[in-house]
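Hi everyone, thanks for making time this morning. Let me put the structure up, and then I'll walk you through what I found in it.

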Amino acid sequence: MSEARVPSRRWRYWLPALAVMVAIFVLSSQSGLRVSDDAAVDKPFRVTGHLLAYAILAASLLMALSWGRRPRLRDGVIAFGLTIAYAVSDEWHQSFVPDRNGRLDDVITDAIGALIGLAVAWATLTWSARRRERRSEASP
C-alpha cells in the first residue's frame, strides 16, 4: 500500500505578497489620495509610503520564491523584477484614476524601497538558514 501524497503547502508563502499587492491596488484606486494639500507635508508621507510598500512587497516576494529557505541570486533578481513590473503597472493604473497620475519618480522610489526590502529579507533568510544548519549539526 502506498502512502498518500501530502499536498505541498508552498502556496502559503505567496499569501503575504498577494495581500501587499491588493493593498497597493486598493490605495492606488483612491481618487486624490493626500495627507495634506501642502506639498511640503504630503510629499514625505507619499515617498515613505512608496518605500515601505515596495520594500514589503519585494521582501515577501523573495520569501515566496525561496520558500523561506536561504535565497539564491536568481530568487532576488526575480523578486526585484516582479516588484518593478508591479510598480510600473501600478503607476499605469493610477493614470486612469481621477486626480491621480503615473509618475516615473514614483517607480524609482519603489525600486529603492524594493532594494531595501530585498536586503533585509536576504539577511533575515540567510541568518535563519544558518541558525537551522547549526541546530541540525548539533543534534545527533
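Asp-106 is buried, at a relative accessible area of 4%; buried here means under 20% relative accessible area, exposed means over 50%, and partly exposed is in between, with a 1.4 Å probe and protein chains only. Before I go on, this is a predicted model, where local features need pLDDT of at least 70 and side-chain atom pairs count only at pLDDT 80 or more, while totals for chains, interfaces and linings use all residues. Residues are numbered from 1 along each chain as its sequence is written, and side-chain values use heavy atoms, with hydrogens and water left out.

Back to Asp-106, which is found in helix H4. Helices here are DSSP runs of H or I with at least four residues, strands are runs of E with at least two, and both are numbered from the N terminus. Which residues does Asp-106 touch, not counting residues up to four places away in sequence? They are Arg-46, His-50 and Glu-91, with contact meaning heavy atoms within 4.5 Å.

With Arg-46, the side chain of Asp-106 forms a salt bridge, at 2.4 Å from N to O. The rule for a salt bridge is a side-chain nitrogen of Lys or Arg within 4 Å of a carboxyl oxygen of Asp or Glu. This pair links distant parts of the chain, as Arg-46 sits in helix H2 and Asp-106 in helix H4, 60 residues apart. Arg-46 counts as partly exposed, at 23% relative accessibility.

How many salt bridges does that rule give? The count comes to 3. Another joins the side chains of Asp-75 and Arg-72, at 3.2 Å from N to O. There, Asp-75 is buried at 3% relative accessibility, and Arg-72 is partly exposed at 45%. Then there is Arg-103 with Asp-105, whose side chains meet at 2.9 Å, N to O. Both partners are partly exposed in that case: Arg-103 has 33% relative accessibility and Asp-105 has 30%.

Now for the helix packing. H3 and H4 pack at an angle of about 150°, with 10 Å between their axes. That makes H3 roughly antiparallel to H4. The axes are lines fitted to C-alpha atoms, for helices over the stretch in contact, and angles run from 0 to 180 degrees between N-to-C directions. As for the wording, under 35 degrees is roughly parallel, over 145 roughly antiparallel, 65 to 115 roughly perpendicular, and the rest oblique. The crossing of H3 and H4 is right-handed; a crossing is right-handed if the near helix is turned clockwise from the far one by less than a right angle, and left-handed if anticlockwise. Our friend Asp-106 is among the H4 residues making this contact, along with Trp-122, and the H3 side includes Gly-76, Phe-80 and Glu-91.

Next, H1 and H3. Their packing angle is about 25°, and their axes are 10 Å apart. That makes H1 roughly parallel to H3. H1 passes H3 in a right-handed crossing. On the H1 side you'll find Met-21, Ile-24, Phe-25 and Ser-28, meeting Tyr-86, Asp-90, His-93 and Gln-94 in H3.

Ser-28 is buried, with a relative accessible area of 4%. Leaving out residues up to four places away in sequence, Ser-28 touches Asp-90, His-93, Gln-94, Val-97 and Arg-100.

Last stop: Arg-70, in the loop between H2 and H3. Arg-70 is partly exposed, at 33% relative accessibility.
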